[in-house]
Amino acid sequence: WAVCQFTPATQNIAPTSAAERAFACGVVLLALVTFSSFLGKMTSAMTQLLSLNATKFQEEKTLRKFMADNSVSAGLARRIWCTYRHQTSVKEKKLRKQDIDSLVQLPVMMQMRLSDELHRPALQHMPVFAAAAASHAENELPTICYFALSEILGSPSQEVFHDNIPMDSAICVLQGSMVYNSGRCNVRNHEVQKFEWVCECATWGRWRTRGTLVSNSLTSRIEFSAEKLKMAVEHHCSGFLFQGLCKYVQTLANEVDLDTVSDVIENESDRKIRESIA
């Protein structure tokens with residue numbers, strides 16, 4: 001009897017006295033409020049779930065229509081769908097600072113401190129900035145992290161760059177696995193480790209890639225923009241750091257044959273050279 005009062009169901013039990021009728025009326029009113037509240041919450045939750053997935057459903061519908069309208073082959077269509085789903089899952093796996101509006105709206109100094117905590121470990125794996133962290137320029141690194149570094153998410157089998165294209169950013173792996181290959185520099189299946197920099201020379205001047213870099217898994221990487229670094233150093237940093245970077249680049253160009261080096265630091269001796277220059 002009690003369950004039937006809270007749900008739209010029938011039953012054969014009926015009150016037989018005034019007290020029982022009063023009690024039954026009270027239970028019915030309580031059931032009405034409780035069931036209506038429950039039903040309202042369920043409806044709201046379903047509406048919210050549909051609205052969250054509406055954008056994804058619309059993108060899938062548009063992509064499906066595009067492939068049908070243009071008669072994309074079945075094999076290529078499967079690869080496109082696989083890559084699309086991987087890219088969607090990447091967005092759901094890890095949140096970046098720029099994905100949260102409340103963090104983007106923080107005061108600039110607080111954002112600098114946050115960027116510093118997030119990205120300094122990677123930045124200091126570049127020899128020149130490791131040297132800067134141990135000098136008077138240490139206080140300049142939060143500015144570099146905030147203005148010049150950005151985090152990018154990648155999907156499995158994604159080609160980050162291919163051979164012989166202009167590159168204006170260095171790349172550092174934060175999470176996941178990437179493999180670098182270069183026929184010109186005779187580098188085969190070089191697995192890029194965490195905090196390892198690729199295309200460092202793109203930070204200091206014009207650079208064309210010498211091979212290909214491909215993600216093996218879901219990845220998170222930092223891109224270090226040369227233009228943004230120049231802007232940050234010229235407008236927001238001290239002359240000490242600017243002069244130090246200029247000397248580092250000049251010495252690197254004199255001591256390293258940039259025409260023969262690959263996009264990655266292949267061995268420990270190459271790293272030692274850059275550390276000694278820094």
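Let me start with Cys-199, which is found in the loop between β6 (197-198) and β7 (212-215), where strands (E, at least two residues) and helices (H or I, at least four) are DSSP runs numbered from the N terminus. This is a predicted model, in which local features need pLDDT of at least 70 and side-chain atom pairs count only at pLDDT 80 or more, while totals for chains, interfaces and linings use all residues. Residues are numbered from 1 along each chain as its sequence is written, and side-chain values use heavy atoms, with hydrogens and water left out.

The phi of Cys-199 is near 60 degrees, a positive value in a residue other than glycine, and at 1% relative accessibility Cys-199 counts as buried; buried means under 20% relative accessible area, exposed over 50%, and partly exposed in between, with a 1.4 Å probe and protein chains only. Ser-71, in the loop between α2 and α3 (74-93), likewise has a positive phi, near 50 degrees, but Ser-71 counts as exposed, at 63% relative accessibility. As background, most residues other than glycine have a negative phi.

Turning to the cysteines, the structure holds 0 disulfides, a disulfide being a pair of cysteine sulfur atoms within 2.5 Å. For Cys-237, the nearest cysteine sulfur, that of Cys-145, is 10 Å away, and Cys-237 is buried at 15% relative accessibility. The sulfur of Cys-246 is 12 Å from the closest cysteine sulfur, in Cys-237, and therefore too far for a bond, and Cys-246 is partly exposed at 32%.

Finally, Phe-38 lies in helix α2 (residues 18-69), and over residues 21-40 the chain is 100% helix and 0% strand, with the end C-alpha atoms 28 Å apart.
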